[in-house]
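Here is a short briefing for someone meeting this structure for the first time. Take a look at the sequence and the model, then read on.

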Amino acid sequence: MKGRYGPCAAGPGDRPLEHPWLSPINDSLRDLPLISVFHGERDILYPDAKKMVAKAKAAGTNAEINLYPDAFHVFVGLPHLPESRAALAHAREIIKTVTVT
């Protein structure tokens, strides 16, 4: 399968989120502003999100993960959900702090 899809295709035992071509988390993290991840605990990618935030913190980047226990993948795309409204409000506050002149 890798021959057909190229080196980024995931095969048995591969971790596609850790491939340097797919994930900016593998590049230099020291000069980045706050990384704020909004993630649902019911999302299958939740363990990977926790690892990526931990990796950013270990590299010296200000990073946080905001967890929503009942939320699923891309929950913020449905702004009528209470979890989505809370996450989007938090994101607005973060944006205000980094755009103050």
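Predicted model: local features only at pLDDT ≥ 70, side-chain atom pairs only at ≥ 80, totals over all residues.

The protein contains three helices and two strands. Starting at the N terminus, their order is α-β-α-β-α.

**Overall build**
- The protein has 101 residues, and 22% of them count as buried.
- Take the contacts between residues at least 6 apart in sequence: 57% of these join residues at least 24 apart.
- The exposed surface comes to about 7,100 Å², with 61% supplied by carbon and sulfur atoms.

**Aromatic pair**
- The count of aromatic pairs is one.
- Tyr 68 and Phe 75 have ring centres 5.2 Å apart and planes at 50 degrees, so this pair is tilted.
- Tyr 68 and Phe 75 are both buried.

- The whole structure holds two salt bridges.
- One of them joins Arg 42 to Asp 70, with the closest N and O atoms 3.4 Å apart.
- This bridge links distant parts of the chain, 28 residues apart.
- Arg 42 sits in the loop between strand E1 (35–40) and helix H2 (46–58).
- Asp 70 sits in the loop between strand E2 (63–68) and helix H3 (82–99).
- Arg 42 is exposed, at 59% relative accessibility, while Asp 70 is partly exposed, at 49%.

**Salt bridge within a helix**
- Lys 96 pairs with Glu 93 in a salt bridge, the closest N and O atoms being 3.4 Å apart.
- Both residues belong to helix H3, three residues apart, or about one turn of the helix.
- Lys 96 is partly exposed at 48% relative accessibility, and Glu 93 is partly exposed at 43%.

Methods: Residues numbered from 1 in each chain as written. Heavy atoms only, no water. Helix = DSSP H or I, 4+ residues; strand = E, 2+ residues; numbered from the N terminus. Buried < 20%, exposed > 50% of the residue type's maximum accessible area, 1.4 Å probe, protein only. Contact = heavy atoms within 4.5 Å. Areas by Shrake-Rupley, 256 points an atom, 1.4 Å probe, with all protein chains shown as cover. Phe/Tyr/Trp six-rings, centres within 6.5 Å; stacked < 30°, edge-to-face > 60°. Salt bridge = Lys/Arg side-chain N within 4 Å of Asp/Glu carboxyl O.
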